[in-house]
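Open the model in a viewer and keep the selection panel at hand. The stops below go from whole chains to single bonds.

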Amino acid sequence: MSRTVLIDPVTRIEGHAKITLHLDEEGRLRDTRFHVVEYRGFETFCEGRPFTEMAGITARICGICPVSHLLCAAKTGDKLLGVRVPPAARKLRRLLNLAQLTQSHALSFFHLSSPDFLLGWESDPARRNIFGLMTADPDLARAGIRLRQFGQRILESLGGRKIHSAWAVPGGVRAPLSEDARAWILEGLPEARATAKRALGLFKDLLDGPLKREQAEFGRFPSLFMGLVTPEGMWEHIDGLIRFRGPDGAIVADGLSEDDYASFLGEAVEPWSYLKFPYYKPFGYPEGIYRVGPLARLNVCEAIGTPWADQELAEFRQRAGRMALSSFAYHHARLVEIAACLEAIEGLMADETLRAGRVRARASLNANEAVGVSEAPRGTLFHHYRVDDQGLITRVNLIIATGQNNLAMNRTVHQIARAWLPDPVAADAEIPEAILNRIEAGIRCFDPCLSCSTHAAGRMPLEVTLLSASGEVLAERRRASL
Amino acid sequence: MTDALLIGIGNRLRGDDGVGALLVEEWRQEVTGREGAGSEAAFAVVHQLTPELALAVAEAGRVLFVDAWVTPDPSEPWIESLRPRRDGSAGEAGGHGWGPLAVVALAEQLYGWRGEAALLRVPAYAFPHGTALSAGLRRCLPRARDHLRGWLRGGGSEGV
């Protein structure tokens with residue numbers, strides 16, 4: 001008789017999911033599934049709306065990272081208008097995305113993930129959160145809050161509000177950066193850099209000590225990695241070309257345009273999840289498994305292009321290898337990207353052209369179909385719109401970062417379960433809390449935002465179930481919802 | 001330091017869910033350019049609570065959160081005092097979703113804040129897409145406004 005373990009709900013992620021662990025007749029792990037069980041259907045209700053509203057509508061998919069949808073929708077709109085976005089507007093959009101990456105990564109590291117690292121996997125789950133962190137290291141907790149606030153304030157100063165701003169529009173942006181905003185960004189940068197530096201130091205010490213095993217084993221498996229790079233192959237987050245690298249570091253595909261995404265990305269569907277399973281088409285399903293997000297961006301690029309971030313990237317590669325295959329390395333990658341973002345923001349503040357000239361190109365509809373792409377904090381984001389001659393949406397396809405990591409999240413859970421569950425699992429075995437935590441934490445490496453990727457309403461609790469070969473529930477663990 | 005901070009919570013595009021944001025925004029517009037009770041209060045209108053709001057709370061003498069309260073039965077708005085647990089446990093914070101208690105607890109524990117915190121709960125009945133409010137909620141609005149003004153005048157959770 002085979003059995004299954006169910007983890008439901010997964011805590012500290014957005015959306016709703018459960019995990020089932022399927023055992024075979026001998027009690028050995030046969031399969032794991034990360035189920036996403038909510039559905040919203042954003043793509044459908046966008047139909048009939050003017051494409052100019054898409055930035056405002058899709059930004060409302062999520063209150064956590066609306067900027068990513070805002071920018072991608074605006075970029076798709078640029079193509080429908082057929083305009084060249086003014087240089088100042090392009091740079092202002094870059095600034096917005098850098099601030100978004102900073103605040104989102106700060107939230108993920110300081111508020112959601114660091115309690116696991118700093119308080120220990122075995123610590124009381126009720127205290128393994130930012131409140132536990134602030135007891136253990138109040139200075140770090142305060143610094144994390146300030147770093148996120150720094151990113152949020154940039155978003156607010158550009159967009160007029162922290163979330164759901166409609167500042168980026170097809171053709172550019174609505175308004176330039178004010179002198180006041182530039183002044184306080186410059187004033188806030190040293191503290192933000194100091195916080196990132198401290199977090200990097202702390203995390204690297206943990207990687208060299210108590211987290212060595214996690215770094216080596218946690219969700220480690222070969223896969224492709226996809227991300228934007230500049231034409232020179234450097235780190236990019238909004239304007240680049242798409243590159244795939246294999247687990248051995250070989251460039252599998254390069255210079256791909258988002259316009260052709262359907263030729264290299266397939267989307268499989270499984271009956272047990274609302275989240276689609278994108279894959280690299282030339283390799284087929286599921287062999288075309290790939291990862292996106294901070295880890296993928298660092299793996300696909302040659303270098304970042306700024307001194308501090310490149311130094312951190314070199315150290316990252318020293319620890320994780322030229323191709324970091326462990327999903328646990330996502331956490332370190334986020335911190336490296338914070339360094340990259342802060343340096344890039346500093347560079348933009350010194351760029352006079354950021355404040356020069358027009359910030360919006362205007363035109364009427366010039367195309368009936370367009371695809372936009374940008375790097376969201378969690379990975380590459382595609383918006384694909386078809387419109388009629390009046391500019392009303394007739395079809396939308398959104399390929400969200402968390403969805404693209406779906407196969408990898410499933411593989412990560414499987415890997416962790418295989419490494420940490422007893423083999424075989426005794427029929428009457430209790431599932432230790434620490435193992436549940438690690439499986440959950442495997443999902444959290446990706447910082448998934450399932451509200452976006454399934455377009456689900458509500459929060460994401462986690463449920464884990466252990467099932468026998470015949471489907472009998474042998475053990476079940478549920479966490480209180482968020 | 002600001003004496004009072006109002007934090008309106010909700011999505012104005014989801015029916016009654018946006019009542020917290022509506023009431024605080026309404027008050028902000030009413031007092032803009034005027035002097036008098038409440039005109040010096042600080043305001044924040046948010047879709048959701050986030051940890052960095054603890055910084056704003058820590059800079060205020062007292063804070064009132066205004067939020068929709070989902071209830072199937074006809075009810076009246078009321079203000080309740082917020083007293084975070086002292087055991088450092090998660091309370092309402094554990095992920096992307098935060099509650100007022102968690103923000104207050106964070107302000108107390110990280111910044112040593114010792115001000116007065118309260119929550120104005122406004123009964124909410126319907127959450128469709130759009131800005132229209134349900135009849136049940138519209139009936140509650142005058143009382144909710146009275147609570148808000150009373151609190152700004154210095155009334156506590158028992159005094160309004």
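This is a predicted model: local features need pLDDT of at least 70, side-chain atom pairs count only at pLDDT 80 or more; totals for chains, interfaces and linings use all residues.

**Stop 1: chain A.** Select chain A and colour it by secondary structure. Chain A holds 16 helices and 16 strands. Of its 482 residues, 65% are buried. Taking contacts in chain A with a separation of 6 or more, 72% are between residues 24 or more positions apart.

**Stop 2: chain B.** Now select chain B, which has 160 residues, 54% of them counted as buried. Four helices and five strands make up its elements. Follow the chain from the N terminus, and the order reads β-α-β-α-β-β-α-β-α. Among chain B contacts between residues at least 6 apart in sequence, 75% join residues at least 24 apart.

**Stop 3: a helix pair in chain A.** Return to chain A and select residues 87-119, helix H4, together with residues 329-349, helix H12. How far apart are the axes of H4 and H12 in chain A, and at what angle do the helices pack? The axes lie 9 Å apart and the angle is about 150 degrees. Because angles over 145 degrees count as roughly antiparallel, H4(A) is described as roughly antiparallel to H12(A). The crossing of H4(A) and H12(A) is left-handed. Show the side chains where H4(A) meets H12(A): the contact residues comprise 15 nonpolar, five polar and four charged.

**Stop 4: the nonpolar cores.** In soluble globular proteins, nonpolar side chains tend to be buried together. Which residues touch the most other members of the largest nonpolar core? They are B:Ile7 and B:Phe65, in a core of 157 residues. H12(A), from the previous stop, gives the most to this core, with 13 residues. Centre the view on B:Phe65. Beyond its neighbours within four places in sequence, B:Phe65 is in contact with residues including B:Ile7, B:Ile9, B:Leu49, B:Val57, B:Leu82 and B:Pro100. Also among the contacts of B:Phe65 are B:Val103, B:Val104, B:Ala118, B:Leu119 and B:Leu120. Another core, of 25 residues, lies apart from the largest one. To find this other core, select B:Val19, B:Val66, B:Leu141 and B:Leu152, which are among its members.

**Stop 5: two cis peptide bonds.** Go back to chain A and select A:Tyr285 and A:Pro286, which are joined by a cis peptide bond with omega about 5 degrees. A:Pro286 sits in the loop between strand E10 (277-280) and strand E11 (290-291) of chain A. Then select A:Asp423 and A:Pro424, where the peptide bond is also cis, with omega near 0 degrees. The loop holding A:Pro424 runs between helix H14 (406-420) and helix H15 (433-444) of chain A.

Notes: Residues are numbered from 1 along each chain as its sequence is written. Chains are lettered from A and ligands numbered from 1 in the order in which they are written. Side-chain values use heavy atoms; hydrogens and water are left out. Axes are lines fitted to C-alpha atoms, for helices over the stretch in contact, and angles run from 0 to 180 degrees between N-to-C directions. Helices (H or I, at least four residues) and strands (E, at least two) are DSSP runs, numbered from the N terminus. Angles under 35 degrees count as roughly parallel, over 145 as roughly antiparallel, 65 to 115 as roughly perpendicular and the rest as oblique. A crossing is left-handed if the near helix is turned anticlockwise from the far one by less than a right angle, and right-handed if clockwise. Ala, Val, Leu, Ile, Met, Phe, Trp, Tyr, Cys and Pro count as nonpolar, Asp, Glu, Lys and Arg as charged, and the others, Gly among them, as polar. A nonpolar core is a set of buried Ala, Val, Leu, Ile, Met, Phe, Trp, Tyr and Cys residues joined through side-chain atoms within 4.5 Å. Buried means under 20% relative accessible area, exposed over 50%, partly exposed in between (1.4 Å probe, protein chains only). Contact means heavy atoms within 4.5 Å.
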